[in-house]
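Me: Could you go through this protein with me, slowly, as I am new to reading structures?

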Amino acid sequence: MPAIIDKIAEALHLHKGHKHEETKPADTTSTETSTVDKPKGPVFDFNKVTVLFVLGGPGAGKGTQCANLVKDFDFCHLSAGDLLRAEQNRPGSTYGEMIRTYIKEGQVVPMEVTVKLLEDAMRASLNEKKTGQGWEDGKGRFLVDGFPRKMDQAIKFDEEICQSKMVLFFSTTEEEMTKRLLERGKTSGREDDNEESVRKRFRTYKEQTMPVIEYYNKTGKVAEIDASASIDEVHEKATQVVAKIFSGEVTHNTTT
């Protein structure tokens, strides 16, 4: 749907640049000297801004665990899904209906929208000059929840927004996630917390998000956390992993 993508890009004031492959990073060994196709450097400095991606299947408990980690480590928690849902309901949004359709169908919203929303939210948080650990001297730390869900998102964010430090991968069974989602759907009011949408979301997760986790796993940037246990037990495991990341003890694949 290129027409939709162009409309999104125009609405977000984006400019067309080089295209990313969905299965591998862009080739950095090219001798091409044109400045038109060269990606710009990341918006945020990796040495000052820490980004942990938080991934896992629908219903794995990512949001709940992020809320706990915010209290423990003064993170700014950015949920890609929440940002998209807020944008779809924003009066005057030129692509709100498109976002609603993608979410209802369990599909991944075009990356131009999600990446831009995340960039703007990160900039706003840094401009607030928050206090707390990890926010001194222009620094910041972010939990980016439910992102990236596709390889093109992962590559674009790392190259153009900020290189991610680690992926927190909350894993559990599809049976457990389905039970949680249908229970949540009784009170959440979310359009995608129903049996039909849940099936579509699982299919999208397996086909598009699992390859992202596998990609980062090969680069040693995945910390897998078993999310089948109770909220408190998972929280304890996640806290231990994040503490080790900040202390420099976790710089490679680990499972807890």
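This is a predicted model: local features need pLDDT of at least 70, side-chain atom pairs count only at pLDDT 80 or more; totals for chains, interfaces and linings use all residues.

Me: ok, how many helices and strands does the protein have?

Reply: The protein has 9 helices and 6 strands, where helices (H or I, at least four residues) and strands (E, at least two) are DSSP runs numbered from the N terminus.

Me: And how much of the protein is buried?

Reply: Of the 256 residues, 45% are buried, a word that stands for under 20% relative accessible area, with exposed meaning over 50% and partly exposed in between (1.4 Å probe, protein chains only).

Me: Which way do the residues of β3 point?

Reply: Gly140, Phe142 and Val144 point one way from β3, whereas Arg141, Leu143 and Asp145 point the other way, and all are buried. Since 6 of the 6 residues of this strand (residues 140-145) are buried, β3 is largely enclosed by the rest of the structure.

Me: Which strands pair with β3?

Reply: Strand β1 pairs with β3 in the parallel sense over 6 bridges, and strand β2 (residues 76-79) also pairs with β3 in the parallel sense, over 4 bridges; pairing here requires that DSSP finds at least two bridges between the two strands. Thr50 stands opposite Arg141 in β3, and Cys76 has Phe142 of β3 as its bridge partner.

Me: What about β4, are its faces covered or exposed?

Reply: Both faces of β4 are covered, with Met166, Leu168 and Phe170 buried on one side and Val167, Phe169 and Ser171 buried on the other. Strand β1 (residues 49-56) runs parallel to β4 and is joined to it by 4 bridges, with Phe53 opposite Val167. Strand β5 (residues 222-226) pairs with β4 in the parallel sense over 5 bridges, and there Phe169 stands opposite Glu224.

Me: Switching to helices, how do α5 and α6 cross?

Reply: The axes of α5 (residues 111-127) and α6 (residues 151-160) come within 10 Å and cross at roughly 35 degrees, where axes are lines fitted to C-alpha atoms, for helices over the stretch in contact, and angles run from 0 to 180 degrees between N-to-C directions. The contact, meaning heavy atoms within 4.5 Å, is made by Met111, Thr114, Val115, Leu118 and Met122 of α5 and by Asp152, Gln153, Lys156 and Phe157 of α6.

Me: Last one, where does Gln107 lie, and what does it touch?

Reply: Gln107 lies in the loop between α4 (96-104) and α5, and at 32% relative accessibility it counts as partly exposed. Not counting residues up to four places away in sequence, Gln107 touches Tyr102, Arg149, Thr204 and Gln208. The C-alpha atoms of Gln107 and Arg203 are separated by 9.3 Å, although these residues are 96 residues apart along the chain.

Terms used:
Residues are numbered from 1 along each chain as its sequence is written. Side-chain values use heavy atoms; hydrogens and water are left out.
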